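Trainee: I am new to this structure and would like to know what the terms used for it rest on.
Mentor: Then ask about each term in turn.

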Amino acid sequence: MAAATSAPRRLSLKRKYAMLTRGLGWETTYQPMDKVYPFDRFEGIVIHDWDGWEDPFRLTVDAYWKYQAEKERKLYAVMDSVAQNNGQLGITDARYLNAVKLFLTGVTPLEYAAHRGFAHAGRHLRGVGARIAAQMQSLDELRHAQTQIHTLSHYNKYFDGLHDFAHMHDRVWYLSVPKSFFDDALTAGPFEFVTAISFSFEYVLTNLLFVPFMSGAAFNGDMATVTFGFSAQSDESRHMTLGLEVVKFMLEQDPANVPIVQRWLDKWFWRGYRLLSLVSAMMDYMLPKRVMSWAEAWEMYFEESGGALFADLERYGIRPPKHHDVAKKEKSRLSHEVWTILYNYTHAAAFHTWVPSDDEMQWLSSKYPDTFDRLYRPRYRMWREAAARGERFYNDALPQLCNVCQIPMAFTEPDDPTKIAFRESIWRGERFHFCSDGCKDIFDDEPEKMSQSWLPVHQIFQGNCGGASIEDVLRYYHLNIGADNLDYEGSPEQELWDAWTADRRTAR
Ligand code: FE
Ligand code: ZN
């Protein structure tokens, strides 16, 4: 009977969100705030007023569960249908799956690492608006890891190299590239972590990962991947907003924050860009049906959108990240240099590589008129001839790795694509090697941290990776030798795919 007067009125979303954030936070009294939040000051970021934090999404927890549950229902329905209708037969070509293998072993574990990182940031940022945003992102990232594992496990029934992704992520040489990227972020302070992941990676660079990967999946008939991609992409807009918000917030709070933020933007732009070089090889070489070239994607998503973003940040005293001009110079070489590395070391990798077909070389030459025919086609011709003689080239020498990005040192000088770029620094009497000025700058800025890199090649030489022979190391990686590795030509996967295709031809 009192309902009309005493029952709480339905709150507006804005009000609900305010209750959830400001309403649930408090200043501690039994312990000083600095003891409860020990990590959010040592980086030097000064915050005067956490209430200046604006979260444009204002998502409440009940709304969050409702949206996510709806997405899960749709995703798992598609996954069932992919399994029941033999979705693996719908892809363009089994070579496509090698991009999926890179994704599951290289990217999915980063989703899980992001889950851990945002949980940590959510605990250690003392502003309650930022904490809520970080906690929700932490849940999103756990969901991304789970949905990717569930979706891609379908392919594990038929194809090689997908059977032990978590183990591989922690050990295999090329996976140390993504792993070390995230380890660096996870071991930074909470503000650097959020700047690195939410801003530099998700806001500035994520389109270069997700758009080509998901359109690549769509073009190549991989409906399973397209579905988890869209399901994750809808969280992504929230994450990107968090990234931009945290950077603007720091810049607005105190002028002393500007140089710190700039240094992080420089560092994480370069680390993210080097990480994405794996994506460049995927786009230009691994997709049987191409979406666009790496150079085109770089122009569209970094030079144009990134250019506009950094023009906008100029009023805070922020300039475009250092060495972005180098990335621009490298755009017509990056994918070819990376594919060359992967081709050289496919005997030690859990995916296949190949020399591009004539049609594919035609495409490459049309997308890279200044570089492909002159610099890369002759090399592929040589490798193809060697393979035809039964001498497919595998490089048995372990490469020098860049101490920062951990990629074998095969990138070339910004102004000379025929000369390997090589930089070094001496620190506490030891010599460290780098692929670029970008990586050297990162080391020189934090030598205590970066000198501790777990470098796969050094670890092999130190005897920490199962033994002295390549076979010992591959066993330590849990590679299924002779199936997961080596050229696509002659692989069990190719045999299986060809048999399926022949069956379908006779059935028709
Ligand atoms: Fe994610
Ligand atoms: Zn490097």
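The questions below take up a metal site, a helix pair, a helix and a loop residue.

Mentor: This is a predicted model, in which local features need pLDDT of at least 70 and side-chain atom pairs count only at pLDDT 80 or more, while totals for chains, interfaces and linings use all residues. Residues are numbered from 1 along each chain as its sequence is written, chains are lettered from A and ligands numbered from 1 in the order in which they are written, and side-chain values use heavy atoms, with hydrogens and water left out.

Trainee: What coordinates the zinc ion (ligand 2)?
Mentor: The SG atoms of Cys-402, Cys-405, Cys-435 and Cys-439, at 2.3 to 2.4 Å. Donors are N, O and S atoms within 2.8 Å of the metal (3.2 Å for Na, K and Ca), and sites may look incomplete because water is not among the atoms. Along the chain, the donors of this zinc ion have the spacing C-x2-C-x29-C-x3-C.

Trainee: What makes the arrangement around the zinc ion (ligand 2) tetrahedral?
Mentor: Four donors count as tetrahedral if all angles lie between 85 and 135 degrees. The 4 donor atoms here subtend angles of 106 to 116°, so the arrangement is tetrahedral.

Trainee: Why is Cys-402 called buried?
Mentor: Buried means under 20% relative accessible area, exposed over 50%, and partly exposed in between (1.4 Å probe, protein chains only). Cys-402 has 0%, so Cys-402 is buried. Cys-439, at 1%, also counts as buried.

Trainee: Why are α10 and α11 called roughly antiparallel?
Mentor: Helix α10 (residues 223-253) and helix α11 (residues 257-286) pack at an angle of about 150°, their axes 8 Å apart. Angles under 35 degrees count as roughly parallel, over 145 as roughly antiparallel, 65 to 115 as roughly perpendicular and the rest as oblique. The pair is therefore roughly antiparallel.

Trainee: Is Asp-164 buried, exposed or partly exposed, and why?
Mentor: Its relative accessible area is 25%, so Asp-164 is partly exposed. Asp-164 lies in the loop between α6 (128-156) and α7.

Key
Four donors count as tetrahedral if all angles lie between 85 and 135 degrees; four count as square planar and six as octahedral if opposite donors are over 155 degrees apart and all others between 65 and 115; anything else is irregular. Axes are lines fitted to C-alpha atoms, for helices over the stretch in contact, and angles run from 0 to 180 degrees between N-to-C directions. Helices (H or I, at least four residues) and strands (E, at least two) are DSSP runs, numbered from the N terminus.
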